[in-house]
Amino acid sequence: MDFGLVLQADPPASAVVSLMRRAERNGFRYGWTFDSAVLWQEPFVIYSRILDHTERLIVGPMVTNPSTRTPEVTASTFATLNEMYGNRTVCGIGRGDSAMRVAGRPPNTLARLGEAIGVIRDLAEGRAADVGGHRVQIPWVRDGKLPVWMGAYGPKALAMAGELADGFILQLADPFLTEWMVKAVRQAAADAGRDPAEVTICVAAPAYVGDDLDHARAQCRWFGGMVGNHVADLVARYGDRSGLVPEELTEYIKAREGYDYAQHGRAGSPHADFVPDAVIDRFCLLGPVAAHRERLERLRALGVDQFAVYAMHDAKESTIDAYGTELIPAFA
């Protein structure tokens, strides 16, 4: 199992670079950031600095979307980084939640997302692609490689991830829901004639190493609110009793009253007060090292290839170091 570190691109950018360097020293293989141009600093500028100050770390957004940058711009940006630093990027992509809504626009359709996955990958790897009815090819790309991993929760998105993407990003670490969603992605891959084992499975969630569970929950409760945005979209689309989405995912948002994107991904966000402790315990990895190890074993048994640590809390350094000394060596 690989490990990744996920950060917000909060200023100063030098702090993000420093934490990514710390992660690499501790055995993390991937460095991810959120991508929302209004809420945080521009991640691709920071990726260049991270790549320049690390040797092996693979970097990318968790997740970008097809609209805040057009697919050909996204492809060219990745291809430039790969030319400079040797194919050390990965494109996490989704419909766009905060990046689109904070600018007053709805998330992208799945159709637009599915088209963008192929266009970005083809252009970044030097192949021609259809962009708005025009055949386009980036002429300077040589030996480029860009895996595209898709974030998904609902049935149609899970199917698309299995059909089209190189990897699947699930932003929660509940074993029951992970098993349900991984099965859906792999079945879709098989139905599309692909080898399901070729789809990389990445689970991403807050991890907080420490003995004070109440404090850890308070630091990570925001995550249940963030996931609740996606769940609310699913309930609006499919209904909460449709059988297409497990009640284990939809039940907890009944007390949800709204969401303030100005507090997106922030510890102490009041819009996450509705999230009960039980959901935080299911979605996140909290507590002493032994509790993390037990959950990671369960996730690995379900076919998870990477666990990405969301470190949006007050114990970033100590959690990175604990993973480096106590957990990553055990799962290498």
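User: Which helix gives the most to the lining of the largest pocket?

Analyst: In this predicted model, helix 8 contributes the most to that lining, with six residues. Helix 8 spans 213-238.

User: What other elements supply at least two residues each?

Analyst: Besides helix 8, they are helix 4 (98-101), helix 5 (110-124), strand 7 (148-151) and helix 6.

User: How much space lies in the largest pocket, and which residues are closest to its centre?

Analyst: The largest pocket holds about 530 Å³ of space. Its lining comprises 33 residues, and those closest to the centre are Gly-94, Arg-95, Gly-96, Asp-97 and His-230.

User: How does that lining divide by class?

Analyst: The lining of the largest pocket has 15 nonpolar, 11 polar and seven charged residues.

User: Turning to the second largest pocket, how much space lies there, and which helix gives the most to its lining?

Analyst: The second largest pocket contains about 190 Å³ of space. Helix 1 (residues 13-25) gives the most to its lining, with three residues.

User: Which residues lie nearest the centre of the second largest pocket?

Analyst: Of its 17 lining residues, Gln-8, Asp-10, Ala-311, Met-312 and Lys-316 lie nearest the centre. By class, the lining of this second largest pocket divides into nine nonpolar, four polar and four charged residues.

User: Back to helix 6. At what angle do helix 6 and helix 7 pack?

Analyst: Helix 6 (residues 155-164) and helix 7 (residues 175-191) pack at an angle of about 50°, and their axes are 7 Å apart. Helix 6 is therefore oblique to helix 7. Their crossing is right-handed.

User: Which residues meet there?

Analyst: From helix 6, Leu-158, Ala-159, Ala-161, Gly-162 and Glu-163 take part; from helix 7, the partners are Trp-180, Met-181, Ala-184, Val-185, Ala-188 and Ala-189. This contact of helix 6 with helix 7 has nine nonpolar, one polar and one charged residues.

User: What about helix 11 and helix 12: at what angle do they cross?

Analyst: The axes of helix 11 (residues 289-301) and helix 12 (residues 316-331) cross at roughly 25° and come within 11 Å. The two helices are therefore roughly parallel to each other, as angles under 35 degrees count as such. The crossing of helix 11 and helix 12 is right-handed.

User: Which residues meet in that pair?

Analyst: Val-289, His-292, Arg-293, Leu-296, Glu-297 and Arg-300 of helix 11 meet Tyr-323, Glu-326, Leu-327, Ala-330 and Phe-331 of helix 12. By class, the contact of helix 11 with helix 12 has six nonpolar, one polar and four charged residues.

Notes
Residues are numbered from 1 along each chain as its sequence is written. This is a predicted model: local features need pLDDT of at least 70, side-chain atom pairs count only at pLDDT 80 or more; totals for chains, interfaces and linings use all residues. Side-chain values use heavy atoms; hydrogens and water are left out. Axes are lines fitted to C-alpha atoms, for helices over the stretch in contact, and angles run from 0 to 180 degrees between N-to-C directions. Helices (H or I, at least four residues) and strands (E, at least two) are DSSP runs, numbered from the N terminus. Angles under 35 degrees count as roughly parallel, over 145 as roughly antiparallel, 65 to 115 as roughly perpendicular and the rest as oblique. A crossing is left-handed if the near helix is turned anticlockwise from the far one by less than a right angle, and right-handed if clockwise. Contact means heavy atoms within 4.5 Å. Ala, Val, Leu, Ile, Met, Phe, Trp, Tyr, Cys and Pro count as nonpolar, Asp, Glu, Lys and Arg as charged, and the others, Gly among them, as polar. On a 1 Å grid over the protein atoms alone, a cavity is a set of points where a 1.4 Å probe fits but cannot get out, and a pocket is an open set with protein on both sides within 12 Å along at least five of seven lines; lining residues have an atom within 4 Å of a point. Grid points are joined across faces, edges and corners, and a volume is the space filled by probe spheres set on the points.
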